Amino acid sequence: MHLRSRYISTPALFLVLSAILLTAFFTLWRFIFMIAAGASLDTIPLGTLLQSYVIGARFDFRVACGITLILFVPALFPRLDIGRNRITRTVLVTVLGVVAAGIFFLHLVDIEFFRFFNSRLNGSALLWTDSPGDMTTMVWETYPVVRWIILWAAVTLLFVLAVRWLVRQVFGTNKPSPTWVNLLWAPVVLLILVMGSVGRIYEVAPMRWGLAYFSAYDFANQLALNPAEQFLRDILYDAEKREPVERLVESMRDPEAVAITCDLLGAELPREANQRIVRPVRFDPPNDTPPNVIIIIMESFSASKIGALTSEYPYELSPYFDSISQHGVLFTNFYSSGTHTYSGLFTTLYGVPHLFGKIIMKQVGGYGSFHGLPTILRDYGYRTIFCTTQDPHFDNMQGFLRAHGVMDVYGIFDYDRSMEYSWLGVPDHVMFDSAYNHLRLHAGAGERFCATLLTGSNHGPWKYPDVPFDRVPQSDPIADELNSFKYADWALGRFLTLVDDDPAFANTVIFVTADNGYKWDPATDLDLSILHIPLFVLDTDRDLYPGVRNPRLGHQCDILPTVMGAVRLDYDNYSFGKDLFDTTSPGIDHVLATRHYEIGYIEDGHYTITRQNGGSDSYFRVANKAVDIKDSLPELFALHKRRALALFQTAYDEMYKPLPVVSE
């Protein structure tokens, strides 16, 4: 590359070309992502995919300009400029390579992140940084780490070679530019890089990720995003801390939020602004012999894999659950409140929606106390128990639960460690066997109990023990994943059969649900398949209408009042749920689900997604999640969106109000 004009600055040219080169490599990563993400491209028009790349180039150039700005001052500084000083050039080229390698690594991580969460890399990936050992083991056992690292190293090496070639072309055949030429070009290059970093020249605000939502095809929209830009912006925004979330809540604040929430819940307005919403629940007559309670939260036990619900697979994946569901009540229109285990556990036991920001169970000091099932039933003399397959300290489960009513916690340290087979601890059936023995002792001693059992086997690295259940053929590309689900179903069915057949467990009500669903043919980011889960209620005395399939709309917030309705003990309901068996209570059936600045809301067969960190909102019919009807039903969409935001705002505010006083 020989410059024939002495009025062109070689350092300036190198900076601009470096930004363009980085953009080209980000586009390469976009292509790798498109191929590896596992999405179906057949239904997306070619023109739409090409537009994804065009819009994506804007995001890519934004990141590239931000990186190149790091080199700007030393690259053009007199006597140190990279056209004259070989040491400066070597240092800056090394910095460029190191930074690019780090950004490329984020692109690499983004692929598996998307495959699991159906969302590009964001700040939620840092939620488990306080458990690095567990996370490292999980990643190593679940994903083809070596192959991905080889790919990352190959692309990084290719970039380094390309930069070296660019250095030779720009500086190897040209004389150093005069200092006055470099200074003349400096403001031009600065303008290019700054405006490139902003991303747009006709708006005051910088380019937001919502710009990527240009089509009716969710994958095409997300394909346009740059994961490094998403991730870095998010952690700079600091999704883990309270202050940014507070500002977000203030931006959506509705003065009628509490009134709207009370209408939805069928509750009276609090008398004072600092009082929590409460619904006193009294039973006439009261229950003299309340039952034992077992709550089973199955890892990723998605409706999309359950034959009795909406199985989408060509195999019988849940034969045991399907069979035993004929003996109880199966709610077929039930949803999780989030997409992580911690949110499923928290919402199931305490009836509070999952909120943005750092994991609530890690913020016990900041969020105060919660009035949930463990505290209510403990105060009625129940032995409250929690069992999990893994380390109970993960996500601060043990500390939080013990502080909020759980008396006994059993985890990996209570099992034969030789049975431990992954970072998830022991297989599900080992945990179930241990729980069965503990609960049988309490039942034999005449002590009522409320036990929560959290499974873990239906999760990467998709390992399962050699036990007798029919396997999916190994020729299937996701055989291990599906067999892990089938094993979890086998372990659950085995436990339920043991309990149901054992006279010691007479007068016991069992609730089976999941922490969250699992994506199937997603049409949008917060897809319904990620939220749709079962709620199955089995009464060992068969008093709760065995064999019923109940289509009533519900979500995890409803489990607390539904359990209390089954035991028929007076309590004050501070939850955001209703008793699913009580058809006479006021209020409006709805679902509220959140995930990383996305709020999902279901009511009357319609599904609203409002994106609070940029991007346009969406509105679907539950029966057709692929067609956005926001523009055709603007008034209904506005109503449902307002209700969704009101619920979220009220739930957030309730966290910081004085502790509830339980009525005598």
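Q: Which orientation do helices H2 and H3 have, roughly parallel or roughly antiparallel to each other?
A: Two packed helices are described by the angle between their axes and the distance between them. H2 and H3 are roughly antiparallel to each other (under 35 degrees is roughly parallel, over 145 roughly antiparallel, 65 to 115 roughly perpendicular, the rest oblique). The axes of H2 (residues 46-76) and H3 (residues 86-117) cross at roughly 170° and come within 10 Å. Axes are fitted to C-alpha atoms, for helices over the stretch in contact, with angles from 0 to 180 degrees between N-to-C directions; helices are DSSP runs (H or I, at least four residues) numbered from the N terminus. The model is predicted: local features need pLDDT of at least 70, side-chain atom pairs 80 or more, while totals for chains, interfaces and linings use all residues. Residues are numbered from 1 along each chain as its sequence is written, and side-chain values use heavy atoms, without hydrogens and water.

Q: Which residues of H2 and H3 make the contact?
A: Ile 67, Leu 71, Pro 74 and Ala 75 of H2 meet residues of H3 including Leu 92, Val 95 and Ile 103 (heavy atoms within 4.5 Å).

Q: At what angle do H10 and H19 pack?
A: H10 (residues 257-265) and H19 (residues 634-654) pack at about 105°, their axes 8 Å apart, which makes H10 roughly perpendicular to H19.

Q: How many disulfides does the count give?
A: A disulfide is a covalent bond between the sulfur atoms of two cysteines. Here the count is 0 disulfides (sulfur atoms within 2.5 Å). For Cys 387, the nearest cysteine sulfur, that of Cys 450, is 11 Å away. Cys 387 is buried at 1% relative accessible area (buried is under 20%, exposed over 50%, partly exposed in between; 1.4 Å probe, protein chains only).

Note on methods:
Helices (H or I, at least four residues) and strands (E, at least two) are DSSP runs, numbered from the N terminus.
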